[in-house]
Amino acid sequence: MNVSLINNDSVRGIIKLEIVKSDYEAAVDKSLRSFRQKANVPGFRKGMVPMGMVKKMYGKQALLEEVNRLVSDNLFKYIRENNLNILGEPMASEVEPSAVDFDKDENFVFNFDVALAPEIKINLSKEDVLPYYEVKIDEDMLNKQVEAYASNFGTYEKADEVEEKDLVKGTVAELENGSPKEGGIVVENAVLMPMYIKDEAEKAKFIGAKVNTVVVFNPDKAYEGAEAEIASFLHVGKDKVAELTGDFSFEIKEISRHKNAELNQELYDKVFGENVVTSEEEFKDKIREALAEQFTPQSDFKFLSDAREVLVKKAGELKFADDILKRWLLVANEKNTAESIEKEYSHIIEDLTYHLIKESLVKANGLKVEDADLENFAKRVAKAQFAQYGMLSVPEDVLDNYSKEMLKNKQTLQNILDRAVEEKLAEWLKGQVTVDKKEVSAEEFAKLFE
C-alpha cells in the first residue's frame, strides 16, 4: 500500500491511498473461509459449501469490509506518523474524486481532502506590555468576610420579643369571621422571618410581638406575588394559593435570635483549623490571603484575554482552507446548515485562530501538563469550591477524595486539563513580556468583564 500527501498549497492537500490486490487478498480469503464455516446453504452440509459459491454470495461484502478497514487504519496512521496538524477530519475529495469500482477493479485509489493548520510564528519580548489586574482586598471587603464567618458560625438564642431578623416559630390557623375556620388550614411548627415579609404593614404586626401572643395577618398580602413562598408556608399546592386571600392567625411559640460568633480562638479554629491562627490580626491576614487567592484565577483569565489581542496581531492574517472547513462543519453537526455556517464562519475562524496560537505556543515551549499538575489543579478547584461556602479548613484527605472524584468525570477532566494548560501558558507569557501590574477594587475588576 502506498499513502502520500499531495500539497495543493500550505493549508490544503490531498491524502492519496493506493491499494493493490496483495494488500487485501489474504485477509479477504480468511474472511471468506470464515463465512464458509458458518454458512447455511440448502443442499450443503455446514462448512462444505463450495468456495466459488461462497465468493459469489459473500465476496463483495468481504472485500468492502477489508478495504474500508485498510483505508481507515492507514489514513489515520499516516496522519499520526507524519505529525500532520489536520483541522477537522479528512473529507472524500472533491478536487480529485475517488474512482472506485468494486465489481471490476482489483486495485483502488482513494483521495481525501484535508485542511492543514497554518504555520504560526510569534516573537515576544519585554517590549510587549500586558496588564495584570490584582484585586485590592480593602477593609470593607475584609470586614464583610469577617462578618460572614462570624454569622456562619453564630448561634441562635431565645428571645422574648420579635425583631425584624428573628426566626419566629408557632402555629398558623386559617380564620373565618375572626375565628378558626372549621376544617381550615392548620400548620404546626410554622416558621417565618419578618425581614422577608414584603408588605410593611403586615411585617409591623410581628415586630414587638411576644411569646404566646397571637398575630392576625394576611399571607396573601404579606408575600404578594410569591406563590411558591405562600404554598411552602401554608403546606398547600401552588394551585390552591389563589384561593387563600383571607386572614390567618399565628400563635407565637418561640422566638430565636441569631448571634454572631465572637472573634476568638474557637472561631479561628472553626474557620482555619486548630491553632492555624491565634490572634485577630492573624485571622484577618489569613482571610485577606484567602480572598486574594480566590481572585487569582480570574486575574489570570483576564491576563490571557488581554494577551489574545496581542498574540493574534503578532500571528498576522492566517490562511485557511475555507471550503474544506465549511464542508466539514456541515457534516460534523447535523444542526448546522450552509447558511448558519456562513453567518458564523468569521467568529469560528477567530476562535480557531486563537486556539491554534495557544496550541503552537504550548507545543513550541514544552508546556506539558502532567498527572500531578491535574491532581493539584483539581485540589485547588475543590478548595475554592469549599471556600465559597466558608469552609477554609477542609482536611487534605477530603480534598484528595473530592478532587479524584472530579477527575473521574470526562467533561470535568477536560475542563481542568484546558484550564491547567492555560495556567501554564499564562505563567510562561509573564516571563516573556513586561507585566504591568494594576491594583483595582473588586468593583473595578468586575467592570472589566462587562
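In which loop does N83 lie? N83 is placed in the loop between α2 (51-81) and β3 (86-92); helices (H or I, at least four residues) and strands (E, at least two) are DSSP runs, numbered from the N terminus. The model is predicted, so local features need pLDDT of at least 70 and side-chain atom pairs count only at pLDDT 80 or more, while totals for chains, interfaces and linings use all residues. Residues are numbered from 1 along each chain as its sequence is written, and side-chain values use heavy atoms, with hydrogens and water left out.

**Positive phi angles**

- N83 is not a glycine, yet N83 has a positive phi of about 50°.
- With a relative accessibility of 63%, N83 counts as exposed; the classes are buried under 20% relative accessible area, exposed over 50%, and partly exposed in between (1.4 Å probe, protein chains only).
- N275, likewise not a glycine, has a positive phi of about 60°.
- The loop between α8 (265-272) and α9 holds N275, which counts as partly exposed at 48% relative accessibility.

**Packing of α9 and α14**

- Helix α9 (residues 280-315) and helix α14 (residues 410-432) have axes that come within 10 Å and cross at roughly 65°. Axes are lines fitted to C-alpha atoms, for helices over the stretch in contact, and angles run from 0 to 180 degrees between N-to-C directions.
- On the α9 side, D300, F303, L304, A307 and L311 meet E422, L425, A426, L429 and K430 of α14, where contact means heavy atoms within 4.5 Å.
- The residues of this contact of α9 with α14 comprise seven nonpolar, no polar and three charged. Ala, Val, Leu, Ile, Met, Phe, Trp, Tyr, Cys and Pro count as nonpolar, Asp, Glu, Lys and Arg as charged, and the others, Gly among them, as polar.

**Packing of α13 and α14**

- Helix α13 (residues 396-408) packs with α14 at an angle of about 105°, their axes being 5 Å apart.
- The two helices α13 and α14 are therefore roughly perpendicular to each other.
- M406, L407 and K408 of α13 make the contact with K410, T412, L413 and I416 of α14.
- Sorted by class, the α13 contact with α14 has four nonpolar, one polar and two charged residues.

**Salt bridges**

- The structure holds 41 salt bridges, each defined as a side-chain nitrogen of Lys or Arg within 4 Å of a carboxyl oxygen of Asp or Glu.
- K169 forms a salt bridge with E254, and the closest N and O atoms are 3.8 Å apart. This pair links distant parts of the chain, with K169 in strand β7 (residues 167-176) and E254 in strand β11 (residues 248-259), 85 residues apart.
- K169 is partly exposed at 32% relative accessible area, and E254 is partly exposed at 24%.
- D351 and R308 meet through their side chains in a salt bridge (3.1 Å, N to O). D351 lies in helix α11 (residues 338-364) and R308 in helix α9, so this pair ties together parts that are 43 residues apart in sequence.
- D351 counts as partly exposed at 48% relative accessibility, as does R308 at 27%.
- K326 and E342 also meet in a side-chain salt bridge (3.0 Å, N to O). K326 lies in helix α10 (residues 322-332) and E342 in helix α11, so the pair ties together parts that are 16 residues apart in sequence.
- K326 is partly exposed, with a relative accessible area of 24%.
- A network of salt bridges links D9, R12, K319 and D323.

- V215, in strand β10 (residues 214-217), is buried with a relative accessible area of 6%.
- Not counting residues up to four places away in sequence, V215 touches K205, F206, A209, F248, S249, F250 and I252.
- V215 and K326 are 111 residues apart in sequence and 70 Å apart in space, C-alpha to C-alpha.
- A204 lies in helix α4 (residues 200-204) and is partly exposed, at 47% relative accessible area.
- A204 and P194 are ten residues apart in sequence and 8.3 Å apart in space, C-alpha to C-alpha.

Terms used: Angles under 35 degrees count as roughly parallel, over 145 as roughly antiparallel, 65 to 115 as roughly perpendicular and the rest as oblique.
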